[in-house]
Amino acid sequence: MKTSWRSASLAAIAVSVLALTTACGQDGGGAARNVGATAAPGDVGEIGTGSGTGAGGPAEAAPAVPAGKLSVSTDAVIGKLVTDGTGRTLYRFDQDTAKPPKTTCEADCATAWPPVAADDALAGEGIDKALLGEVTRADGTRQLTIAGWPAYRYAKDGAVGDVKGQGVNDKWFALAPDGKKAKAPGLSTREDPKLGEIVVDKDGMTVYRFMKDEAWPKPVSACTGECLEKWPVVAPVEEGDTRGVVKKNLMAFTRPDGAAQQTVSCWPVYTFVGDEKPGDTNGQGVGGTWYAVAPDGKPVGAP
């Protein structure tokens, strides 16, 4: 792709869960759609459902910033993603299309999610230059595409390494080097300096087991009522949407209240509201009954 074009101004920008209740001791998995973060009411991230001018009329366009030399960065939670020449994360929008490339983010949407100008785009290390292209927007400006997907920045990413746009409205995702969505697996593992390899959810939060639960001959959760306010259940994930977790007896079950919950080796798993960020393990050992989960489902550090 020839990547020297004129610079231009920008134009003015539930969950369905299927729980498979295969008996423990048999191979089986639970299925659910991963849902990303949702912007809070009033957040500019809420603008991003397509085109529109907003109540105040078309937003005033700002000069487009060229892509520069693209590179691959690694986020601790979602993995490899594409950044522009200034280190800003690039995103894709689910309501756009790649075949053929088409943008649907206009007016106020394009203010919250500035399109990346195709000017002087270069493929850095880890980027296949054959995947770089362009799409002409409604105002005639040219926007960078990666594997056909129009590329955007997020206005609230204020610093290099920010990925605040990830999962907004379950429609916006960081671009992986192959043009796909950069998303963390529903369940994966990380190496904790004190506990060793433990299971984490799609947000990188530590996953726990409750020693009063049962796994055989079927999963039974003893955490109900107020307990669930502190220990939210982990929603079901596809077996293929995991990394590093033992897949045998990785399944979902239906709780008495009708909610679906994920298990690891048939043991119900939870997160802890006392963990504020990825890497926290504040739930470890609470009450002598809550423990982080090893990849094979065993409780880490339990007596």
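**Close-up views of a predicted model**

**View 1. A hairpin joins S9 and S10.** Glycine 140 has a positive phi near 95 degrees in this predicted model. The glycine lies in the hairpin of S9 and S10, which has 5 residues between the strands. Strand S9 spans residues 132–136 and strand S10 spans residues 142–146. Their pairing is antiparallel, over 5 bridges. Leucine 132 faces isoleucine 146 of S10.

**View 2. S9, S10 and S11 form an open sheet.** The 3 strands follow the order S9-S10-S11, with antiparallel pairing. S10 and S11 are joined by 2 bridges. Threonine 145 has proline 150, in S11, as its bridge partner. S9 and S11 (149–150) are the edge strands, each with a single partner strand, so one side of each lacks a neighbour in the sheet.

**View 3. Cysteine 24 is linked to cysteine 266 by a disulfide.** The sulfur atoms are 2.2 Å apart. The link is left-handed, with -125 degrees about the S-S bond. It connects distant parts of the chain, 242 residues apart. Cysteine 24 sits in the loop between S1 and S2, and cysteine 266 in the loop between S18 and S19. Cysteine 24 is buried at 11% relative accessibility, and cysteine 266 is buried at 0%.

**View 4. Cysteine 105 and cysteine 109 form a disulfide.** Their sulfur atoms lie 2.0 Å apart. The S-S torsion is about -110 degrees, so this disulfide is left-handed. Cysteine 105 is buried at 0%, and cysteine 109 is buried at 0%.

**View 5. Cysteine 223 and cysteine 227 form a disulfide.** Here the sulfur atoms are 1.9 Å apart. The structure holds 3 disulfides, and their pairing in sequence order is 1-6, 2-3, 4-5.

Key
Residues are numbered from 1 along each chain as its sequence is written. This is a predicted model: local features need pLDDT of at least 70, side-chain atom pairs count only at pLDDT 80 or more; totals for chains, interfaces and linings use all residues. Side-chain values use heavy atoms; hydrogens and water are left out. Two strands pair if DSSP finds at least two bridges between them. Helices (H or I, at least four residues) and strands (E, at least two) are DSSP runs, numbered from the N terminus. A disulfide is a pair of cysteine sulfur atoms within 2.5 Å. Buried means under 20% relative accessible area, exposed over 50%, partly exposed in between (1.4 Å probe, protein chains only).
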